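Hi everyone, thanks for coming.

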Amino acid sequence: MEETFVEYIVKTKTSFSAIGIRIGCIFIVICCFLLTAVLGILGVTLGALAIYLTYMAFQMTSVEYEYNSEISVDKIMGQRKRKKVAEFDMKNAEIMADADSEEILRRVNNEMKVLDYSSREAGKLKYAVIFNEANGITEMIFEQNEKMVEALHKIRPSIVRIANR
């Protein structure tokens with residue numbers, strides 16, 4: 001059997017909480033430097049520390065997801081720190097289709113664990129895969145390009161439904 005390996009990266013939409021964190025950090029930096037007149041060198045030190053923490057906050061609130069054809073998902077923060085957040089076996093998949101399709105919506109229930117690794121942008125085509133594993137049923141939502149969908153279709157053609165959008 002032919003082995004196919006495809007990767008795809010999606011940048012997530014910045015959430016309101018991430019924007020709030022960024023604004024709060026900038027406000028703290030400004031306050032530290034305004035307090036420099038009162039605190040002297042301690043104010044400069046606190047300002048430098050606040051700039052570093054603001055930089056880290058911006059890095060940690062910039063999130064991308066990388067998928068590959070082996071159904072593993074890596075979370076990339078600040079385009080430099082990578083963490084594996086999910087890994088599934090396509091053998092345990094029941095169905096993969098457009099997340100808004102009847103086939104997916106029919107199977108969704110309250111006991112199901114839902115993992116959303118999409119950009120969360122409206123209007124983007126999102127796929128959902130339902131996995132039946134030992135620890136329960138999981139729905140994973142993600143975005144794919146045509147190459148990735150075709151690679152997954154080669155692995156399990158009977159369950160992958162290619163969306164017509």
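Let's begin with handedness: where α1 passes α3, the crossing is left-handed. Please keep in mind that this is a predicted model.

In general, a pair of packed helices is described by the angle between the axes and by how far apart those axes are. So what do we get here? Helix α1 covers residues 16–34 and helix α3 covers residues 41–60; their axes come within 8 Å and cross at roughly 165 degrees. Because angles over 145 degrees count as roughly antiparallel, α1 is roughly antiparallel to α3.

Which residues do the touching? From α1 we have I21, R22, C25, I26, I28, V29, C32 and F33, and they meet G43, L46, G47, A48, A50, I51, T54, A57 and F58 of α3. Sorted by class, that contact has 13 nonpolar, 3 polar and 1 charged residues.

Now, you'll have spotted cysteines in that list, C25 and C32 among them. How many disulfides are there in the whole structure? The search finds 0. C25 is not in a disulfide, and its nearest cysteine sulfur, the one in C32, is 11 Å away. C25 is also buried, because its relative accessible area is 15%, under the 20% cut-off.

And what about C31? Its closest cysteine sulfur is in C32, at 7.1 Å, and that is too far for a bond, because a disulfide needs the two sulfur atoms within 2.5 Å. Is C31 buried, exposed or partly exposed? With a relative accessible area of 28%, C31 is partly exposed.

That's my tour, so over to you for questions.

How values were computed. Residues are numbered from 1 along each chain as its sequence is written. This is a predicted model: local features need pLDDT of at least 70, side-chain atom pairs count only at pLDDT 80 or more; totals for chains, interfaces and linings use all residues. Side-chain values use heavy atoms; hydrogens and water are left out. Axes are lines fitted to C-alpha atoms, for helices over the stretch in contact, and angles run from 0 to 180 degrees between N-to-C directions. Helices (H or I, at least four residues) and strands (E, at least two) are DSSP runs, numbered from the N terminus. Angles under 35 degrees count as roughly parallel, over 145 as roughly antiparallel, 65 to 115 as roughly perpendicular and the rest as oblique. A crossing is left-handed if the near helix is turned anticlockwise from the far one by less than a right angle, and right-handed if clockwise. Contact means heavy atoms within 4.5 Å. Ala, Val, Leu, Ile, Met, Phe, Trp, Tyr, Cys and Pro count as nonpolar, Asp, Glu, Lys and Arg as charged, and the others, Gly among them, as polar. Buried means under 20% relative accessible area, exposed over 50%, partly exposed in between (1.4 Å probe, protein chains only).
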